[in-house]
Every structure is written in C-alpha cells, then in structure tokens.
Amino acid sequence: MQRPSCILLGIESSCDETAAAIIKDGKLLANVVAGQEVHRQWGGVVPELASRAHQQNIVPVIASALKQAVIGPEDLTAVSFTRGPGLMGALLVGTSFAKALALSRNIPLIEVNHMQAHILAHFIDDGSGRDKPAFPFLCLTVSGGHTQLVKVSDPYTFEILGETQDDAAGEAFDKAAKILGLPYPGGPLIDKHAVNGNPDAFRFPEAQVPGLGFSFSGLKTAFLYFIRDKTAENPKFIEENLNDICASIQQAIVKSLVKRLDQAVRETGLTQVAVAGGVSANSGLRKALEEKAKEKGWTLFVPPFAFCTDNAAMIAMAGYFKYQRGEFCGQDVTPLARYEV
Ligand code: KG4
Ligand code: ZN
C-alpha cells in the first residue's frame with residue numbers, strides 16, 4: 001500500500017528573516033524568505049523591531065509559500081517551526097503562528113532546533129540531485145550566533161565536539177565590518193571587498209584555544225586597535241585600503257575555522273565533512289575548504305547559497321525527519337532563546 005503523502009510547512013522566525021517553505025515527501029515545493037531592512041540604520045538586529053516585522057511579514061510570507069506550492073492550508077499534513085535558539089520575541093511569532101495553524105487544521109506540530117536545521121539543510125531535495133553527506137559526518141556550523149564542530153551520527157543525533165568561547169564567526173565578520181563603517185550585516189560586504197584584496201596585506205593574531213574550541217573576541221579587539229592606530233596616522237586609511245583590509249581579516253577568520261576543522265577530522269577519523277550556516281556562504285571559506293578537502297582527501301559538502309543563510313526549507317526538512325519518527329509536540333510548547341543542539 002502506498003503511504004499517504006506528507007505536505008509539511010516550515011516556519012522560521014528566529015532572528016531577522018521571516019521565512020516559510022513547503023516540502024512534499026521530502027521534496028522542496030516552495031521557499032520564501034523576507035528580510036528586514038529596518039535594522040540596517042541601527043548597525044545590528046534590534047529585537048523589538050524584529051518581532052514587529054515578523055508579525056507584519058508572517059501571513060504574507062506563508063500565503064506566498066502556499067501559492068508557490070500551488071496548495072491551500074487545507075492540504076497541509078503537518079507544520080514545523082523554529083523553537084530556538086534565537087530572539088525570544090521573534091521566536092514567539094513563528095511559534096504562536098505554528099501552534100494556531102496546527103490547532104485550527106488539527107495537524108501535527110513539530111518543533112525544530114535551528115542549529116540542527118542548518119546542518120540538515122544538506123538533505124533538502126531541491127531537484128538539483130546534489131550529493132548528500134553519509135552518516136556519520138562532521139559539520140562545521142558557522143552562523144551569526146554560533147560556531148560549532150558537530151558530529152552528526154544520524155538526523156536525530158548531534159554531538160558538539162567544540163564551539164566558540166566568545167563571539168561567533170558571523171559576529172566576528174559583522175563586528176569587523178562595523179569597525180570599518182560598513183552597514184549590517186557586514187559579513188557579505190567583507191566577502192565582496194575581499195575578492196579584490198590581498199589577504200596577506202595585514203596580519204592579525206591567532207587565538208590560542210584548547211581542544212576544538214574557537215575564540216574571536218581577541219581578533220575583534222586587535223582589529224579595532226589596528227584600525228584606530230592606522231586611521232590616526234592616515235584618516236583615509238580605510239578608504240584607501242578597504243579591499244586589502246577585508247581580505248586580511250577574512251583570511252584570519254577563515255584560517256582559524258579551517259585549522260580546527262582539520263584537527264577535528266584527524267581526531268575523529270571522519271572524512272565526510274560538511275559546512276553549514278550563514279558564514280558558509282563566504283567565498284573565502286568555501287575556497288579554503290575546497291583546497292583543504294583536495295589536499296586531505298575529504299569528501300566536502302557545501303550547501304547551495306539559498307540554504308546557507310536563514311531559510312525555512314531547512315526547518316521544513318528537519319521537521320520532515322521528525323515527522324517520519326512521529327516526534328510531535330503539544331500545544332504547551334514554548335520557544336527557547338537558548339537551545340542546545
Ligand atoms: O545562519 P545565519 O543566516 O543566521 C544565524 O543563524 O545567525 O547567519 C548570519 C551570519 C551573519 O553574521 C552574516 O554576516 C554572515 O552569516 N554571513 C556571511 C556571509 N553571508 C552571511 N559572512 C561572511 N561572508 C558571507 N558571504
Ligand atoms: Zn541561522
């Protein structure tokens with residue numbers, strides 16, 4: 001007997017992207033993301049403004065995902081949502097919407113950990129036929145709030161082998177960009193300028209962290225003092241050297257990420273290696289990983305750009321894995337600002 005199909009809606013609202021996606025039996029039918037311009041002028045995400053923008057965006061974003069998938073709300077079999085980690089007010093919007101939808105349609109509700117979803121984004125079937133990592137594999141998860149090395153044994157079992165002691169890699173990119181006077185989020189802008197710069201133009205110190213940990217706050221402080229001293233000597237220093245500065249700070253961040261990943265491969269013996277999260281969109285990191293993979297014989301998995309930064313396709317995918325095991329949650333579920341992998 002053929003199994004009835006599962007049409008699952010995923011909702012993401014953990015930070016400053018309101019997103020909805022629909023997956024039918026594991027295949028992606030729709031993927032809609034609405035960014036929030038409102039934070040730009042403040043140089044970072046303002047939590048209260050994020051919550052309000054999510055409230056404004058959530059209905060049109062979900063309506064547009066349903067339209068893209070050519071289905072109506074009555075066709076949905078289940079709904080998954082980001083429970084955390086993230087901004088409490090922002091998470092509340094997606095969580096409340098998902099709960100109300102599940103209740104009104106009488107369909108299962110599935111809570112998803114955002115960081116696990118970044119990793120499971122590798123399994124989204126977008127019709128491209130790209131290869132998927134084989135379990136167990138090692139994943140470097142690099143986002144705006146997290147930097148982790150994770151051993152993934154199956155779609156439900158994640159073990160953190162190492163993580164940052166202070167700032168996340170995305171935060172390091174964004175803070176460096178802010179010091180340079182670039183608007184938020186600065187990571188993609190550093191990447192853009194770095195393409196035309198010399199990564200060896202300026203040198204920055206490397207953090208000494210035990211085990212498989214990371215640290216980026218020392219680099220940020222060193223960068224702040226470097227820019228302060230150089231602009232004191234020459235007020236046009238940033239303007240005249242922007243590409244080289246961006247290429248150099250990017251190289252410093254990328255080097256420390258690749259070094260730890262290489263160490264984790266050696267310690268675990270896992271050679272199926274994946275990268276996930278917003279910073280995996282960085283061209284310098286992608287290139288450095290490809291070179292390292294070639295040199296060391298790793299099988300490397302890098303997500304398509306649309307699935308690196310925050311999206312709901314990954315929330316729907318993680319939800320689909322849980323759906324297959326009947327891992328549903330009740331109406332008493334609440335968001336978690338902190339939610340360990
Ligand atoms: O995963 P994500 O979209 O959101 C979180 O879960 O945090 O990651 C956002 C982070 C931001 O810090 C952003 O600057 C960074 O990813 N990012 C990049 C690039 N694209 C996004 N950093 C460097 N280069 C990029 N191309
Ligand atoms: Zn994210």
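Because the model is predicted, local features need pLDDT of at least 70 and side-chain atom pairs count only at pLDDT 80 or more, while totals for chains, interfaces and linings use all residues. Residues are numbered from 1 along each chain as its sequence is written, chains are lettered from A and ligands numbered from 1 in the order in which they are written, and side-chain values use heavy atoms, with hydrogens and water left out.

**Shell around ligand 1**

- Around ligand 1 there are 19 residues, of which Gly144, Asp174, Asp191, Gly278 and Asp310 come nearest; a residue is near a molecule if one of its heavy atoms lies within 4 Å of it.
- This shell comprises five nonpolar, eleven polar and three charged residues, where Ala, Val, Leu, Ile, Met, Phe, Trp, Tyr, Cys and Pro count as nonpolar, Asp, Glu, Lys and Arg as charged, and the others, Gly among them, as polar.
- At least three residues of the shell come from each of domain 1 (7-128 + 308-325) and domain 2 (137-303), with bounds taken from an automatic or database domain assignment.

**Polar contacts and burial**

- The side chain of histidine 114 places a polar atom 3.2 Å from an oxygen atom of ligand 1, a polar contact being a pair of N or O atoms within 3.5 Å.
- An N or O atom in the side chain of asparagine 282 is 3.0 Å from a nitrogen atom of ligand 1, whereas aspartate 310 uses a polar backbone atom, 2.9 Å from an oxygen atom of the ligand.
- Taken alone, ligand 1 exposes 550 Å², and the protein buries 89% of that, by the Shrake-Rupley method with a 1.4 Å probe.
- The elements giving two or more residues to the shell around ligand 1 are α3 (114-120), α4 (169-179) and α5 (187-194), helices being DSSP runs (H or I) of at least four residues and strands runs (E) of at least two, numbered from the N terminus.

**Backbone features in loops**

- Phenylalanine 135 and proline 136 are joined by a cis peptide bond with omega about -10 degrees, and proline 136 lies in the loop between α3 and β6 (137-142).
- A cis peptide bond also runs from tyrosine 184 to proline 185, with omega near -10 degrees, and proline 185 belongs to the loop between α4 and α5.
- Valine 70, although not a glycine, has a positive phi of about 55 degrees and is found in the loop between α1 (47-69) and β4 (78-84).

How values were computed: Polar contact = N/O pair within 3.5 Å; in protein donor to acceptor, adjacent residues only side chain to side chain.
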